[in-house]
Amino acid sequence: MGTILLIVLASVLYVAMLTTVSFSAGGGEAGMGEALVSFFFTVALWIVLALLAGAAAIMGEVPRRIVVISAVLVPLAGMTTFVALDMCSRHIKWAVVGPVLLPLLVTAYAAVARFAKLRAAFPGNGFNITVWSAVASLSLVLLLAAM
């Protein structure tokens with residue numbers, strides 16, 4: 001039940017974060033207010049996603065190497081989301097793929113790791129490898145593009 005509640009909370013924060021994506025670098029107090037709202041929703045979302053991935057690692061049937069990989073890539077994906085949101089505000093519209101996809105990938109990993117019926121639908125480690133490869137690749141592309 002706790003995992004489901006975390007997924008619901010992450011979903012609400014995900015939608016809230018996406019509503020704060022701005023494609024203009026407006027200045028002044030209004031721009032600063034929008035940036036703070038975006039910051040708080042994004043921080044809250046990634047805290048919940050880290051808890052979700054942690055619960056999946058503890059309660060699910062996940063190989064130890066996948067747990068280590070997720071412990072490295074979840075914070076990286078969170079940082080990448082902040083970078084991508086900043087890129088969006090600088091009129092780099094394609095960067096929105098980061099905030100859209102990264103939380104979904106982490107949630108998908110956690111759901112498959114945590115629920116036996118989903119694990120049965122994705123036998124082996126192929127799903128985990130695919131998800132974490134996508135997270136690493138997308139993060140790397142966005143971080144390199146931001147330089």
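Start by selecting L5, which sits in helix α1 (helices, H or I of at least four residues, and strands, E of at least two, are DSSP runs numbered from the N terminus). L5 counts as exposed because its relative accessibility is 53%; here buried means under 20% relative accessible area, exposed over 50%, and partly exposed in between, with a 1.4 Å probe and protein chains only. Before you go on: this is a predicted model, where local features need pLDDT of at least 70, side-chain atom pairs count only at pLDDT 80 or more, and totals for chains, interfaces and linings use all residues. Residues are numbered from 1 along each chain as its sequence is written, and side-chain values use heavy atoms, with hydrogens and water left out.

L5 and L52 are 47 residues apart in sequence, and their C-alpha atoms are 9.6 Å apart in space.

Next, pick V8, also a residue of helix α1. V8 has a relative accessible area of 46%, so it is partly exposed. Show M1, I4, L5, V8 and V12 as a surface: these make a nonpolar patch of about 520 Å². Patch members have over 30% relative accessible area and no salt bridge; like charges are joined within 9 Å, and nonpolar side chains (Val, Leu, Ile, Met, Phe, Trp, Tyr) within 5 Å. The areas come from the Shrake-Rupley method with a 1.4 Å probe, and for residues only the protein chains shown count as cover.

Which residues of α1 are buried? Select T3, L6, I7, A10, L13, Y14, A16 and M17. While you're there, check the length of the helix: the 18 residues of α1 (residues 2–19) should span 26 Å at 1.5 Å a residue, and the end C-alpha atoms are 26 Å apart, so the two agree. The expected span is 1.5 Å times one less than the number of residues.

**Stop two: along helix α3**

Move to α3 (64–89). This helix has 26 residues and reaches 38 Å from first C-alpha to last, close to the 38 Å expected at 1.5 Å a residue.

Select S70, in helix α3. Its relative accessible area is 5%, so S70 is buried. Leaving out residues up to four places away in sequence, S70 touches P75, Y109 and W132, where contact means heavy atoms within 4.5 Å.

Go on to V83, again in α3. V83 is partly exposed because its relative accessible area is 22%. Neighbours within four places aside, V83 is in contact with L142, L143 and A146.

Select D86 and R90. How far apart are the closest N and O atoms of this salt bridge? They are 3.1 Å apart. The rule asks for a side-chain nitrogen of Lys or Arg within 4 Å of a carboxyl oxygen of Asp or Glu, and by that rule the count comes to one salt bridge. D86 is partly exposed, at a relative accessible area of 40%, and R90 counts as partly exposed at 40% too.

Just after α3, look at H91, with a positive phi of about 70° although it is not a glycine. Most residues other than glycine have a negative phi. H91 lies in the loop between α3 (64–89) and α4 (97–114), and it counts as exposed because its relative accessibility is 52%.

Pick L101 in helix α4. At 40% relative accessibility, L101 counts as partly exposed. The C-alpha atoms of L101 and A50 are 16 Å apart, with the two residues 51 apart along the chain.

Then jump to N128 in helix α6. Is N128 buried or exposed? It counts as buried, because its relative accessibility is 8%. Neighbours within four places aside, N128 is in contact with P63, I66 and Y109.

**Last stop: colour by confidence**

Colour the chain by pLDDT, the predictor's confidence in each residue from 0 to 100. The chain mean is 90, and 97% of its residues reach 70 or more. Confidence is highest in helix α6 (residues 126–146), at a mean of 95, and lowest in helix α5 (residues 116–121), at 87.
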